[in-house]
Amino acid sequence: MTAGSLNSSTKLQSNKCPDQRKTIRENLDRFIPNRSAMDFDYAHYMLTGGRKGKENPAAISPSKEAYRKQMAETLNMNRTRILAFKNKPPTPVELIPQDFYSSSVQQPKTTKPRRHISQSSERTLDAPDLVDDYYLNLLDWGSSNVLAIALGSTVYLWDASDGSTSELVTVEDEDGPVTSVSWAPDGKHISIGLNNSDVQLWDSTANRLLRTLKEGHSSRVGSLAWNNHILTTGGMDGKIINNDVRIRSHIVETYRGHQQEVCGLKWSASGQQLASGGNDNLLYIWDRSAASSNSPSQPQWLHRMEDHTAAVKALAWCPFQGNLLASGGGGSDRCIKFWNTHTGACLNSVDTGSQVCALLWNKNERELLSSHGFTQNQLTLWKYPSMVKMAELTGHTSRVLFMAQSPDGCTVASAAGDETLRFWNVFGIPEVTKPAPKAHPQPFAHLNRIR
């Protein structure tokens, strides 16, 4: 080999060294043991002499083995970790304080205790001469906590605050009996439908007749429903009339669709839709805005439902979903149906096994109460939307024709053909709403702008 080739070879070797050192540095472990923390004497002992006895344990007597263990504990020789590192890993830094995290994390909801539902009525009152007629509406509970009930030709008022009873009016025999009662929203005025087709408006506080609405119907008025100053009446003639009680010519709209007696009327909470049920097994939804756009004398219905196979009297608008309506059918139908009144679709149908006379929604929970006729004459509480029976309340000996709900939504009054009026604490006690926390005022919040 010549000198030139030797120099070339040396040059090649010197060029490889930096790459090799670089590769070695890149493969080094980042955890470097600290020699000052290592016990090399103990390590040497464990690698040479400390294991001799363990390799032949039969050669060591029990006394020597006990002595060895005692010495190991005394001299701290029971160590298994030979290598020690310089520092412990640093404590992780909390980006979010623990107290803030614990306060922001949503705590799991506590299970709500199951409400006790009494199976017996809290109070029972006699209701003699109550007309046993499925198509009438003879019971209503006003916003002033006064219950009105029609017994024959007389309307009685029962004040729930003190339990006192007073007579409002007794109509003449040729005009009676009373076929419907309904409180105005103010809880002071009450409307009374009569068998002679008239409708009377009374001031309950002054015990005074204000006016009589005539010439609207040709036969008895069995259903009434208020919508602010509009009193809607339904008659045996199949007509539904909107009466503006503020003006002399009170008839403002007439709805024509039913061919037989109108026995159920209910306005939605918004006052835009009216549900009507009749003895022709039909359920109608009337829209106030659509009615005003059509001919005022005969507006067209929004939906016409033909699913029931018996008279539709029981109607109840859902308090937590404005377009949800529950309806109940008579003896040959026995079903509770739920409707989307925007589309007219039937959402569900449940066969209750008996005539459905009345329906009431719980104002505080998703529950529905129904009253029934033969054979059990019971009140049934349903869980919505599963429609699982939560309770059955018995006590009436005849069909439970009418139900009314107290203003606070807790108590339900039921009147039946057995001439009794019973009160049930079926919906429990409403929860007291907690006041909303006051917002912290921002600085200079009272100023529109800072100049």
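**View 1. Tyr-284 and Trp-286, a pair of buried aromatic residues.** Both Tyr-284 and Trp-286 are buried in this predicted model. For Tyr-284 the relative accessible area is 1%. A pair of aromatic rings is described by the distance of the centres and the angle of the planes. The ring centres of Tyr-284 and Trp-286 lie 5.3 Å apart, and their planes meet at 25°, so this pair is stacked. The whole structure holds 12 aromatic pairs.

**View 2. Tyr-284 and Trp-301, an edge-to-face pair.** The centres of these two rings are 5.1 Å apart. Their planes stand at 65°, which is over 60 and therefore makes the pair edge-to-face.

**View 3. Ser-289 in helix H6.** Ser-289 has a relative accessible area of 43% and is therefore partly exposed.

**View 4. Charged side chains over aromatic rings.** Two examples are shown here. The charged end of Lys-313 sits over the ring of Tyr-134. Its distance from the centre of that ring is 5.4 Å. In the other example, Arg-366 lies over the face of Phe-320. Here the distance to the ring centre is 4.2 Å.

**View 5. An open sheet of 4 strands.** The strand order is S6-S7-S8-S9, and the pairing is antiparallel. Strands of a sheet pair through backbone hydrogen bonds, either parallel or antiparallel. Which strands stand at the edges? They are S6 (178–183) and S9 (208–213). Each has a single partner strand, so one side of each is left without a neighbour in the sheet. On average, neighbouring strands of this sheet are turned by 25° against each other, direction ignored. Strand S8 (residues 199–203) pairs with S9 over 5 bridges, in the antiparallel sense. Within this part of the sheet, Leu-201 stands opposite Arg-211 in S9.

**View 6. The hairpin of S20 and S21.** Strand S20 covers residues 335–340, and strand S21 covers residues 345–351. The two run antiparallel and are joined by 6 bridges. Phe-338 stands opposite Asn-348 in S21. Between the strands lie 4 residues. In this hairpin, Gly-344 takes a positive phi near 80°.

**View 7. Confidence along the chain.** The mean pLDDT of the chain is 84. A value of 70 or more is reached by 72% of the residues. Over residues 1–17 the pLDDT stays under 50, and the model has 1 contact beyond four places in sequence for them. Residues 439–451 also have pLDDT below 50. Beyond near neighbours in sequence, this stretch has 1 contact in the model. Where pLDDT is low, the predicted coordinates should not be read in detail.

Terms used. Residues numbered from 1 in each chain as written. Heavy atoms only, no water. pLDDT = per-residue confidence, 0-100. Contact = heavy atoms within 4.5 Å. Phe/Tyr/Trp six-rings, centres within 6.5 Å; stacked < 30°, edge-to-face > 60°. Buried < 20%, exposed > 50% of the residue type's maximum accessible area, 1.4 Å probe, protein only. Lys NZ or Arg CZ within 6 Å of the ring centre and 35° of its normal. Pairing = 2+ DSSP bridges. Axes fitted to C-alpha atoms, helices over the stretch in contact; angles between N-to-C directions.
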